[in-house]
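Let's take a friendly walk through a protein model. Keep the sequence and the 3D view open side by side as you read.

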Amino acid sequence: MAALPVPLLALVLLLLAGCGGPGAAGQRRKEMVLSEKVNQLMEWASKRSVIRMNGDKFRRLVKAPPRNYSVIVMFTALQPHRQCVVCKQADEEYQILANSWRYSSAFTNKIFFAMVDFDEGSDVFQMLNMNSAPTFINFPAKGKPKRGDTYELQVRGFAAEQLARWVADRTDVHIRVIRPPNYAGPLMLGLLLAVIGGLVYLRGSNLDFLYNKTGWAFPTPCFVLAMTSGQMWNHIRGPPYAHKNPHTGQVNYIHGSSQAQFVAETHIVLLFNGGVTLGMVLLHEAATSDMDVGKRKIMCIAGIGLVVLFFSWLLSVFRSKYHGYPYRYV
């Protein structure tokens, strides 16, 4: 085959370079934009673990491609006039999670934590058709958020540990939550031991108060009632105190699911259990005390009334959570 003339060969090479030029230039431009976005996020993350975003920053760094990183965004309303108590509580846990990741030895640019406040980015809320706060959404590195990328706050609560499990499930980034030291527990324990030690020192010759049944009769049932009413569950899961429907404004104190509960629900169940317990105590005293018959009858009637009333309310709570619950009292 005859060789091409030099001018013709140069023209062919120029045409081939021109065909590949726009694609290569576009790829380089995309890589440059991505590098700028990552560098900008890393710079902000080095100053603040949770990056605050308005509408422009959200659209440019979270919504617009290219993106090879995930962004966990908390949509919230922290301004005092919004009166969102749950938002403040969730923000504290979110900050703990973000700080645990930022100061971890495994910290990379694979994932970032951000926040959009309603008063700083109301246009973002409108764009996403969002009308409640707080809400956590994972914007993955590829594609759009799926159903599982929206955190189930009412089911899981907003404790940092629960958020970390959800983040690991959606991004494969495992974060070890490190909470700031809390000295309240050790201080209270030290104070209790100091009081007991003081009593032992002052009454060293007479320790009968340690065997006083009445002295132990009040704190023990209080502890038992708190635990059986779900206080430990609240401590682990960190659920909201109650839930306000953004459409109707109605506040729900009892969670509609059997897999979750509100803090207010714990207090209500604690009160009902306490009422039943008090009724049982009155019935026991009416049957065993040495008081006159008239007072014992009054105690018996009061005890029966307390048991019937509060146990009936307890059953109504169960029916609201376990739909189809077959039992009722009154």
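## The second largest pocket

Helix 10 gives four residues to the lining of the second largest pocket, and that is the largest share. You can find helix 10 at residues 231–237. Before going further, please keep in mind that this is a predicted model. Two other elements also give two or more residues to this lining: helix 3 and helix 6, the latter spanning 160–171.

The second largest pocket holds about 330 Å³ of space. Its lining is made of 15 residues, and those nearest the centre are Glu93, Ala159, Arg179, His235 and Gly238. Sorted by class, the lining of this pocket has six charged, five polar and four nonpolar residues. Both domain 1 (30–171) and domain 2 (212–321) take part, each supplying at least three residues to the lining of the second largest pocket.

## The largest pocket

How much space lies in the largest pocket? The volume comes to about 920 Å³. Around the largest pocket you can count 30 lining residues, and Cys84, Val86, Ala133, Pro134 and Lys244 are the ones that lie nearest its centre. Helix 3, helix 5 (153–156) and strand 5 (243–244) are the elements that each give two or more residues to this lining.

Which element provides the largest share of the lining of the largest pocket? The answer is helix 3, with three residues. By class, the lining of the largest pocket contains 17 nonpolar, 10 polar and three charged residues. Here, too, domain 1 (30–171) and domain 2 (212–321) each contribute at least three residues to the lining.

## The sheet and its helix

Four of them form an open sheet, arranged in the order 1-3-2-4, with mixed pairing. At the edges sit strand 1 (50–52) and strand 4 (135–139), each of which pairs on one side only. From one strand to the next, the twist averages 30 degrees.

Let's zoom in on one pair. Strand 1 and strand 3 (residues 111–117) run parallel and are joined by three bridges. Which residue of strand 3 is the bridge partner of Ile51? Look for Ala114. Helix 3 (residues 85–102) packs on the sheet and touches strand 1, strand 2 (70–76), strand 3 and strand 4. The direction of helix 3 makes about 160 degrees with that of strand 3.

## A cavity

A search of the whole structure turns up one cavity of 30 Å³ or more. The largest cavity contains about 40 Å³ of space. Its lining consists of Ala45, Ser49, Ala98, Trp101, Arg102, Phe107, Ile111, Phe112 and Phe113.

Which elements give two or more residues to the lining of the largest cavity? They are helix 3 and strand 3. By class, this lining has seven nonpolar residues, one polar residue and one charged residue.

## Backbone details in the loops

A few spots in the backbone are worth a look. Pro65 and Pro66 are joined by a cis peptide bond, with omega at about -5 degrees. Pro66 has its place in the loop between helix 2 (55–63) and strand 2. Another cis peptide bond joins Ala133 and Pro134, and here omega is about 0 degrees. You can find Pro134 in the loop between helix 4 (122–127) and strand 4.

Where is Gln83 found? Gln83 is in the loop between strand 2 and helix 3. Gln83 has a phi near 55 degrees, which is a positive value in a residue other than glycine.

To finish, follow helix 3 through the places you have visited. Helix 3 packs on the sheet. Helix 3 gives the largest share of the lining of the largest pocket. Helix 3 also gives two or more residues to the lining of the second largest pocket and to that of the largest cavity.

Conventions:
Residues numbered from 1 in each chain as written. Predicted model: local features only at pLDDT ≥ 70, side-chain atom pairs only at ≥ 80, totals over all residues. Heavy atoms only, no water. Pairing = 2+ DSSP bridges. Axes fitted to C-alpha atoms, helices over the stretch in contact; angles between N-to-C directions. Contact = heavy atoms within 4.5 Å. 1 Å grid on protein atoms, 1.4 Å probe; cavity = no way out; pocket = protein on both sides within 12 Å on 5 of 7 lines; lining within 4 Å. Points joined across faces, edges and corners; volume = space filled by probe spheres on them. Nonpolar A, V, L, I, M, F, W, Y, C, P; charged D, E, K, R; others polar. Domains from an automatic or database assignment.
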